[in-house]
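User: Could you walk me through this structure? I'm new to it and would like to start with how the chains meet.
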Amino acid sequence: MELKEKLISSFLAFEEACDVDSDIHNLRCDAIKEFEKIGFPSKKEEAWKYTSLNSVLSHDYSVFPKKENAIEYKDIKKYLIHDIDTYNLIFIDGIFSSHLSQTTHEKIDVCLMSAAMVKPKYRAIVDQYFNKIVSKENGFTPLNTAFAKEGAFIHIPKNLVVNKPVQIVNFATGNEAALMIQPRNLIVVGENAQIQIIERHQSLTDNPVLTNSVTEVFVGKSAMVDYYKIQNDRSSASLIDNTFIEQKDNSNCSMHTFSFGGKLTRNNLNFYQRGEHIDSTLKGITIIEDKQHVDHNTLVHHISPNCESHQDYKGIFADKSTGVFNGKVLVEKEAQKINAFQANNNILLDDQATINSKPQLEIFADDVKCSHGCTIGQLDADSLFYLRSRGIPLKEAKALLMYAFASNVLESVKIPEIKKRITHQIALKLEVSLGFDL
Amino acid sequence: MLKIKNLHASIDGKEILKGINLEINPGEVHAIMGPNGSGKSTLSSVIAGKEEFEMTSGEIIFQNEDLTELDPEERAHRGIFLSFQYPVEIPGVSVTNFMKASINAHRKSQGLEDMPANEMLKLIREKSELLEIDRKFLSRSLNQGFSGGEKKRNEIFQMAMLNPKLAILDETDSGLDIDALKVVANGVNKLRSSDNAVLLITHYQRLLDYIVPDVVHVMVDGRIVKSGPKELAYELEEKGYDWLKPEQV
């Protein structure tokens with residue numbers, strides 16, 4: 001049976017096990033119909049022209065994982081930022097692990113989506129925000145909504161500065177021959193509140209895993225959200241990440257996406273600026289090899305005047321790896337005096353590596369500053385000679401130049417432990433020791 | 001120390017060096033002067049091992065070893081240093097970290113462990129004082145946003161750190177004001193000893209007032225057309241290069 005049919009026929013069984021009286025029930029039913037209608041995207045669609053899902057969708061995924069898979073902390077420690085204090089939401093094969101997680105209900109709520117959906121206490125928030133800003137451009141988001149049950153629920157009331165980052169980590173154990181998981185996260189940050197979030201998807205097995213994740217983030221007036229996605233999965237795991245961020249006046253939200261692994265990764269990252277003096281930052285470093293594929297599909301929707309957006313994506317592609325950058329900036333007629341910046345720079349290390357870079361600017365306002373630039377190149381021969389003439393061997397010299405190339409994306413990383421790990425990860429990726437810590 | 005015999009080199013099929021002969025002994029300072037496009041910078045790049053240039057004939061012997069088959073980093077490990085006319089910018093890598101990478105790469109090639117951190121700091125402090133380099137400068141990204149003079153000073157700082165056997169200074173004087181030139185020249189002079197050598201590539205005699213050469217060579221159209229004592233530099237300053245055009249030699 002094709003995956004689409006399997007999912008649709010599984011829906012009834014899934015719904016029966018859930019609460020059928022809530023509004024969510026109706027949303028789920030609508031969503032599965034939507035998915036049935038549009039299905040999975042194909043390469044015929046412009047937005048998926050360079051990303052083929054055939055090899056990813058061909059597995060016979062289990063869509064309901066068995067319950068409770070025991071994992072010890074020591075097995076996953078290295079995938080967590082463990083040297084600082086954090087709240088942790090850990091999911092194993094799509095199921096929340098209470099003994100590995102650290103949640104809270106003190107002043108702020110860092111807890112489970114499944115709990116938030118059924119408890120009256122959260123009803124108002126869920127009614128107000130759940131599934132409100134998702135796009136139906138492709139079938140993945142409705143599919144996730146249809147099966148929306150587990151994920152992170154984070155609610156920060158106004159004026160609260162959360163001093164510990166929240167980590168949301170999804171592990172796949174390989175108990176299933178092939179596993180599909182669909183985390184659903186809802187993050188609501190009140191006026192003038194601040195939070196840092198780290199999200200990661202990690203398979204612990206070579207069995208195929210497909211993650212279809214949907215995250216909605218609401219950033220209230222003058223709030224700050226600093227979000228990091230760490231994508232360094234095994235080459236058996238694929239990720240479709242759908243993230244929707246709505247910002248209100250004077251808010252600041254930054255998203256850093258570090259893509260170093262996985263078989264196929266598609267990041268659908270959407271920013272909606274609803275208010276003035278909003279600042280949105282979208283940055284990414286992609287370093288991949290073999291036949292890995294990373295696709296960044298971004299949208300910055302400038303709806304209001306006097307806002308800014310900064311996009312800076314760097315990619316380094318080795319072997320037969322492929323990358324896509326499809327960055328759309330949409331400026332509405334009302335969005336005067338905005339400043340939208342977009343850059344996508346790429347280095348191809350091998351003849352068979354590919355990057356398809358496509359900036360799309362749609363501007364309906366007449367008094368705006370929009371700039372975009374895209375480069376595709378190789379490592380600079382003069383720079384390599386300079387480093388080698390200082391005794392630095394070719395491999396290390398190349399690594400140093402690649403690090404230099406990616407470094408300005410790291411400058412805006414505000415959590416030092418993340419910066420340290422990413423630089424370490426870059427050094428690992430490049431398989432070098434440089435005589436100093438990157 | 002360095003023996004270049006009948007060196008021919010070309011780039012993209014175009015011959016730039018047309019038979020260079022040059023011998024430099026330990027303790028000596030040689031200067032190569034010549035008009036633009038005569039091949040001076042090419043010669044320095046070829047000695048340092050830049051791969052874009054093809055050595056079509058001749059040989060470069062350094063300390064009794066043929067350099068022809070050696071990579072740029074291997075030549076560096078043997079003690080050849082090239083101060084670049086246009087040093088490249090490396091964002092995100094500080095001057096200090098770059099020097100650590102460079103020094104430890106040299107040590108690794110000799111089978112030594114990384115230099116201990118305190119020793120490294122001491123060396124950096126000592127050499128940055130020699131070149132009158134501000135401490136803050138060392139934590140800046142290498143050459144990024146540096147003025148022309150800062151870049152050149154930084155090149156000589158790197159030379160001081162690496163203490164090469166043969167230092168080739170390619171147009172190190174260009175872009176320097178007179179005070180910076182004195183600092184750089186002073187740095188070079190302090191590093192001179194009886195067992196290292198310096199090859200200066202320059203347009204102007206000005207630098208040679210501060211780093212006094214033992215031999216001055218004149219290069220025109222890919223050949224050394226005249227060699228002589230330091231007074232030759234003054235003669236060139238006065239008369240230009242026209243009287244030395246190869247067909248007239």
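Analyst: Two residues count as in contact if their C-beta atoms, placed from the backbone, lie within 7 Å. Please keep in mind that this is a predicted model.

User: OK, how many residues does the contact take from chain B and from chain A?
Analyst: Chain B contributes 26 residues to the contact and chain A contributes 21 residues. On the side of chain B that touches chain A, helix H2 (72-77), strand E7 (90-94) and helix H3 (95-109) of chain B each supply at least two residues.

User: Which element gives the most to that side of chain B?
Analyst: That is H3(B), with eight residues.

User: What does H3(B) meet in H5(B)?
Analyst: The axes of H3(B) and helix H5 (residues 148-162) of chain B come within 11 Å and cross at roughly 35°, and the crossing is right-handed. From H3(B), residues including Met99(B) and Ile103(B) meet residues of H5(B), among them Met161(B) and Leu162(B). The residues of this contact of H3(B) with H5(B) comprise five nonpolar, four polar and no charged.

User: Switching to chain A, what is the order of the strands in the open sheet?
Analyst: The open sheet has 10 strands with mixed pairing, in the order E2-E1-E5-E8-E10-E12-E14-E16-E18-E20 (chain A).

User: Why is one side of E2 and of E20 left without a neighbour?
Analyst: Strand E2 (95-96) and strand E20 (369-377) of chain A stand at the edges with a single partner strand each, so one side of each has no neighbour in the sheet.

Definitions and conventions:
Residues numbered from 1 in each chain as written. Chains lettered and ligands numbered in written order. Predicted model: local features only at pLDDT ≥ 70, side-chain atom pairs only at ≥ 80, totals over all residues. Helix = DSSP H or I, 4+ residues; strand = E, 2+ residues; numbered from the N terminus. Pairing = 2+ DSSP bridges. Axes fitted to C-alpha atoms, helices over the stretch in contact; angles between N-to-C directions. Left-handed = near helix turned anticlockwise from the far one by under 90°. Nonpolar A, V, L, I, M, F, W, Y, C, P; charged D, E, K, R; others polar.
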